[in-house]
Amino acid sequence: MCGIIVRKLLVTVALLFVLSASVFGLQQLAPGSIVNAVLQGTPRTPQLVQRIRHEYGLDRPTPVQYLLWIRNAVRLRFGRSYETGQPVLSAIMRVLPVSLELALYGFALATAMGVGWGVWCARRQRSFIDRILNGVSVVFGSTPAFIIATILLYIFTVQLNLFPSFGIGDGPGSRLWHLTLPALTLGLTGFSFILKLTRAGVIAAIDQDYYAFARARGVRGRALLYHYALRPGLIPLVTGASTIFTYMLTAAVVVEVAFSVPGLASLFIHAVSYSDLPMIQGVSLFVGTIVIIVNLIVDLSYRLIDPRVRFDGRAS
Amino acid sequence: MSRVHDGLTPVEPRLVRAAGGASNDVRCTVQGAPGLRRRDFLRRAGATGAALALPPLLADCGGTSIGNLMSVTWAVSGGLDSLSFLTQTSRDAELNQTLFLEGLLQLDPQGNIAPWLARSYQNYGNKTYVFQMREGVTWQDGKPFVVDDAVYQYQFNLNPKIVNAASGFFQGFVSSVRKTGESELTIDLAQPLEVFDYWMAIDGSYIMRRDQLANGAYKSVGTPGALPIGTGPYRVTGFTTNSSVVLERYDGHWGPKPKVKKLTLVQIIDDTSRLLAMRSGQIDGTFDVPVQDLRLWRDLSDVEIETSSSLDQWWFTMNTVKAPFDDVHVRRAMAHSLDRAGIVASVWGGNGQPTTNFLPPQEWGELLTVSQINAFYATLPQYPYDLGAAAAELAQSKYPHGFTTSILTTVERPQQALICEIFARSLAKIGINLNVRQVADSDWANEIGNNNPRELGMTINDYPPIGRDPSTNLAIVDPSRTGPNLDNISHYVNKSLIAPFDIIHRGSPSSSAKIAAIKEILRTAARDVPYLPIGIPIYALATKKHLRFNNFSPYYPFSPFAARLGPA
């Protein structure tokens, strides 16, 4: 087992290397100038431009720039933002908790809605409720997040005045309250996938012989549902969980803007609009790392859920 | 199975299967309330908790309880990346920086230069500026502000080893900063610059404390961990990057005391979210009312909308020394292809006015009345939207069958792309293919600022007001001001303009001489069409009805706006 974990970690490192090279390469190709980002259109002299290029190492060959960057990145030194002068890592660490809280909150809501309704639909296949919930999930799944955000803002902020429309609040209670509508937006856009996976997984499990035998033995109610339908039905959901979590992180781009949440996505958008290369690289690498780690955890968790799955990925 | 919790005594510790068989339930009692089921207890406890928690949570957000102006929540659309003017120079950033930072000069609500930390100043030949410093000024921690602080800041800006957004202006134009008396500071320029005092008033003269600049401290000042200390009427007490700034009135400020004691600036980038926040009463006001959505904002109850001409002239620039724009017939064809009224209607929702001249009447200062100016403008060559006339002009040019060119727009101002697309559709009808490309704001700004005559083609820009002296705004056609970092970005040189500009640059010409010179400049420029004026949108301000913003004008970002807020 340790060998498998080490192998997966090595693959993770290789993936991070590819990710970092891609991010660095794309930014080299992208239009934009560091000098512009630093001086922001204010007057400049040739000497000043030269000094900026030297200070940020732009007068060195591109491979050298990359090697210097990767050497510092390994030590978690991503440089300073061209625009604000802040260390990239501290800027990321400042907003990372908000983004993770939002993504986890949204993921929890999506999972609660998706699994709950998915099981319900599976147990009442082709019923009126099943069709309604499936229809609702399709509507939310295909509606852009910014439209759902606006509708939620209108209902819960303007009409009911229950939730704030912007910001993240101070303190845990206030933070939870501020993030509820953004998380609900994420949850509503993401639950449809979970509902479908859960429904399909549970229906597939219900069709299995072991389920029929369990019923024949007199197992009923929750025990039958949890042990013989939901647990095996969850395996495709776990596989999809990394996709859903990644979706939560990316959909946050729209949600953070709509609800004025200062998270990683806002930081990234702003960095792109200012060609703030260190910030773009830092955020990309960070988000990429999170996604890779989530995938790693999902890979390793298969066995916990289904003992039939060996670590070489095949069913025993 | 026993489930004993503090305060709960199970009276029937047995599993009770509910009718549907799907849930477990434990019947419990609360001491003093026999017979209360555990689920009911939890439900009531939750409801009570929520009832107790909600009021403070509700009070935590928004600034609606401001009857006595103790607290105001104001929405901004950007500018909260950092609170340092060394890294942030946008107009959004200026809006918050003027609240806690001050410079030697400031633009007042009428657009006039007002002495600020300097109580007066003298201009010697547009090359040497001598400032007499105000006394009794203190930093927001109570320590006295002295002339050495100003000298330190400006010499810091001049230091060639330090690179920041303020360096460019100082290192480009200033040669020395000296203390020339107990309360006197002298700035020498490398070359005469008649708009230097305007620059100092709107952009380049903020002063921060020495300990926030020295020993590399400037790199982190303006972040949540290093809040800036200035001399302004408000001090920063809290900052969350890209989210909010909390400012409290600094009662030791030398100037008049603002009525608003606590001001929270919240960043709401999305226009719709800002509208909904205003509608729900969670913000008390904003300057960021999108003019194209003005009707929606006017429909809000309990909200006052005030508008003002922005003087924010939008225009296209054509590089007159680079093909194909070096051909005056091409430029005239472009002018006839520009549907100004259509752009104002579709891009700004009709909330603006098309312009045919790059010097709006309001920027003539006191020289002429608006009706006199309009009468003069009517005598200038006109280029109404007429594709037939455009095609005829193009036929006389070196490119009778058209050409292909491109233009950059900034992602920060999506209206630029809209305007360019509308223009491109008109131009396509006469054979001119205009490719519109959106780029990062810094890259767009660089193209405008760096204005390399070999590289620059056509640009779109908007020119916010710098002051009420028309000579400053005429610099865009001044033959002596072509080149990188200078105002004449069309590289337009007509030697017949040298004489009238000499009159304007001559210090204090008589009004009649100045008027005649300006008219000559505008007449010549109207014939040669180096710029295509598009229009001027309005500025709109939204406030709750119990608030009033005094003297709303296009110059609102350049002085501490919260000092002008008061009860309605």
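Predicted model: local features only at pLDDT ≥ 70, side-chain atom pairs only at ≥ 80, totals over all residues.
Trainee: What volume does the largest cavity have?
Mentor: A cavity is a set of points on a 1 Å grid over the protein atoms alone, where a 1.4 Å probe fits but cannot get out. Points are joined across faces, edges and corners, and the volume is the space filled by probe spheres set on them. The structure holds four cavities of 30 Å³ or more. The largest has a volume of about 230 Å³.

Trainee: Which helix and strand of chain B each supply at least two residues of that cavity's lining?
Mentor: Lining residues have an atom within 4 Å of a point. Helices (H or I, at least four residues) and strands (E, at least two) are DSSP runs, numbered from the N terminus. The largest cavity is lined by 18 residues, and B:Tyr383 and B:Ala526 are among those nearest its centre. The two elements are α16 (511-528) and β20 (531-544).

Trainee: How many residues of β20(B) are buried?
Mentor: Buried means under 20% relative accessible area, exposed over 50%, and partly exposed in between, with a 1.4 Å probe and protein chains only. By that rule β20(B) is mostly covered. The count is 14 of its 14 residues.

Trainee: Which residue of β20(B) stands opposite B:Glu306?
Mentor: Two strands pair if DSSP finds at least two bridges between them. Strand β14 (residues 303-309) of chain B runs antiparallel to β20(B), joined by seven bridges. Strand β15 (residues 313-318) of chain B is also antiparallel to β20(B), with four bridges. Opposite B:Glu306 stands B:Leu541.

Trainee: What is the angle between the planes of B:Trp139 and B:Phe145?
Mentor: Rings of Phe, Tyr and Trp (its six-membered ring) pair if their centres lie within 6.5 Å; planes under 30 degrees apart count as stacked, over 60 as edge-to-face and the rest as tilted. The structure holds 33 aromatic pairs over all chains. B:Trp139 and B:Phe145 form an edge-to-face pair, 5.4 Å centre to centre. The angle is 65°.

Trainee: Where does B:Asp148 lie, the salt-bridge partner of B:Lys179?
Mentor: A salt bridge is a side-chain nitrogen of Lys or Arg within 4 Å of a carboxyl oxygen of Asp or Glu. The side chains of B:Lys179 and B:Asp148 meet in one at 3.2 Å, N to O. The pair links distant parts of the chain, 31 residues apart, with B:Lys179 in strand β8 (residues 174-181) of chain B. B:Asp148 lies in helix α3 (residues 147-158) of chain B.

Trainee: Is B:Arg209 buried or exposed?
Mentor: The side chain of B:Arg209 meets that of B:Asp211 in a salt bridge of 2.9 Å, N to O. B:Asp211 counts as partly exposed, because its relative accessibility is 47%. B:Arg209 has a relative accessible area of 8%, so B:Arg209 is buried.

Trainee: Which residue joins B:Arg209 and B:Asp211 in a network of salt bridges?
Mentor: The structure holds 14 salt bridges over all chains. In this network, B:Arg209 and B:Asp211 are linked with B:Asp141.

Terms used. Residues numbered from 1 in each chain as written. Chains lettered and ligands numbered in written order. Heavy atoms only, no water. 1 Å grid on protein atoms, 1.4 Å probe; cavity = no way out; pocket = protein on both sides within 12 Å on 5 of 7 lines; lining within 4 Å.
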